[in-house]
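Let's walk through the spaces inside a protein together, one question at a time.

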Amino acid sequence: MIRDQIQQTVANAVAAAQASGMLPAIDIPPVEIQRPNQPEHGDYSSNIALLAASAVKKTTGQKGNPRQIAQSIVDQIPTAGTQASRLPSDDLIGSVELAGPGFINIRLNARWLQSQVLTIIAEGERFGTIEKGEGRPWQVEYVSANPTGPLHYGGGRNAVLGDTLANLLEAAGYEVQREFYVNDSGTQFQLFIESLYVFYLQIFERDVELPQEGYQGAYLRDYAQLAREREGDRLLHMEPSAAKAALKEIGREIVLQDIKDELAGLGVTFDLWFSEQSLYDEGLVDQLLMKLTHEGEVIERDGARWFLASKYPGNEKDEVVVRSNGSPTYFASDIAYHYDKFVRRGFDRVINVWSVDHQGHIPRMGAVMRALDLEPERLVILLYNLVKLIRDGQEVKMSKRSGDLLTVREVVEEVGPDAVRFMLLTTSPERSIEFDLSLAVQRKNENRVFYVQYGHARICSLIQKAAKSGFDDPEVVPDDAAHSVTLLTHPAELTLIRRMLEMEEQVELAVERLSPHNLTYYAEDLTKAFSAFYENCQVLHSDVPPELARARLLLSLAARTALSRVLQLMGMTAPKAM
RNA sequence: GCCCCCUUAGCUCAGAGGAUAGAGCAACGGACUUCUAAUCCGUCGGUCGUAGGUUCGACUCCUACAGGGGGCGCCA
């Protein structure tokens, strides 16, 4: 990564300054490289001289002069042209200057920037990927909504966050597995099956009552119909317990298919739908409870079995794993589930995407990790806040159509998948979202995703037009391209290249902070840089010399790559025309 | 009561120890016989909830308080 190279160069310069005696040979904090806010301050900057001055004061008692220190470091940084043996485009750093109280400002070499246009084109689909993960296996578990019906719109945020994060992790070089944990054992699922059974019987005009707290959404009628289409009246003639057992399989398939379709509408897919029930079926839950009992982590008290979470930091209470009536809690299977993830499947790290109402569960899972002898840092929780949908100034929770909770599907149908993804992604996860539906539908174009997509469509159109106006196939990079790109000297051209080259840093940032929303702002900035180029630098115009036009077409190709990649990372389409 | 998160422009939000706090929308003014105006340029707009503290330097870290949201079950 560019920033890493610069960091290394500055660090070397610090060492060289110390070796030459210009800088006292004391411990100096590690060099950090920032992106200055003001363009006048260069492409990158370092505050190392300010930090070094403090260090000097601390160790020697003498006040260090930050500007003097900065100068001694600046003197040791090689810039383009200092080494005669190299090509003008070889050197990353164009110039270095000392500024303000002691900042070291670094500007990239224009010749090098120009050469990067061809690098970006060559990288294509790989552009923006970094080596950070080194192929380590990471898992992202997200959505994992109860399989009892269509997804509530709030689940959309979970889906979008998890999916985008998984995309980013892949770009960062991790081997990513996307997983949906299916809670197909336990009370809620059981209630769902009982309810489905009732709706099924009602098709045959049997008069049966819904169980208490049973599900009664209109969708259950559809599910029951589907069950009937598949099974006919077979279940009608079975003992209720046998019928329900059969429905467990059938109902599971029906509801999961529904959820799958709904998520596919948002562009979200999973590698694995992991069954909670399977943990019981193969005896893993029992096995682990035994193991933990043996190790003194689980004890019996008041007729129930408890996990002694309070032994571990952050936990005040113990947790029931098996109720006094003998039935296990979800927490029991959660222990087994995470054991399976880390110990059996060997994920280096697991990221669970949870809504804030699960925050109380975080310390408990930390305790589980410790009890299982696993480093707690390997389980990371991405906690996100709730989504509030507003229509005409009022909060909407229910669907007008069905009377049920408003679903992801309905919101996607109303607003469109890309716009929904964008609006669920732009806000940082820990903040709640207030989203005005009426506004979104009324003024659809105000959604910034269309701005980015429009930029992409414009490039495609430009490239297509170039082919028709006598340029050789614009998709093919000509032999003399390396020379062509040196004609890209307009500030808008160089700014666009700079912006594109930020992509890797953006990927790293979003991964390190678990902040996929950063990407949406980068996408806008990138598009803005392209627009400025598009406005200021004509390509297919009689005034523009063919050689320059060719160079600008190359830049456009690179910009198309960058924009399409960023849209792809966000899980949105990159339209060729709008 | 205890714990966690949020509070930045009229609105919706970025910014996470650096230099003069940014964007979109809204409002106002300008640019279309276009390489796609779903665009671009400009103007207006801020004691970064309040009060202290740490630091050469704080929207950013610490403490207290206020307002908003969430969590504290043999629920999931």
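**Pockets and cavities**

Reader: Between which domains does the second largest pocket lie?
Author: This is a predicted model, where local features need pLDDT of at least 70, side-chain atom pairs count only at pLDDT 80 or more, and totals for chains, interfaces and linings use all residues. Residues are numbered from 1 along each chain as its sequence is written, chains are lettered from A and ligands numbered from 1 in the order written, and side-chain values use heavy atoms, without hydrogens and water. A pocket is an open set of points on a 1 Å grid over the protein atoms alone, where a 1.4 Å probe fits, with protein on both sides within 12 Å along at least five of seven lines; a cavity is a set the probe cannot get out of, and lining residues have an atom within 4 Å of a point. Two domains, with bounds from an automatic or database assignment, both give lining residues, so the pocket lies between domain 1 (2–108) and domain 2 (116–127 + 447–569).

Reader: Which element gives the most to the lining of that second largest pocket?
Author: The lining has 21 residues, with Arg35 and Glu502 among those nearest the centre of the pocket. Helices are DSSP runs (H or I, at least four residues) and strands too (E, at least two), numbered from the N terminus. With five residues, the top contributor is α19.

Reader: How many residues in the lining of the largest cavity are nonpolar?
Author: Val387, Leu389 and Met423 are among its lining residues. Nonpolar covers Ala, Val, Leu, Ile, Met, Phe, Trp, Tyr, Cys and Pro; charged covers Asp, Glu, Lys and Arg; the others, Gly among them, are polar. The lining has no charged residue, one polar, and a nonpolar count of 10.
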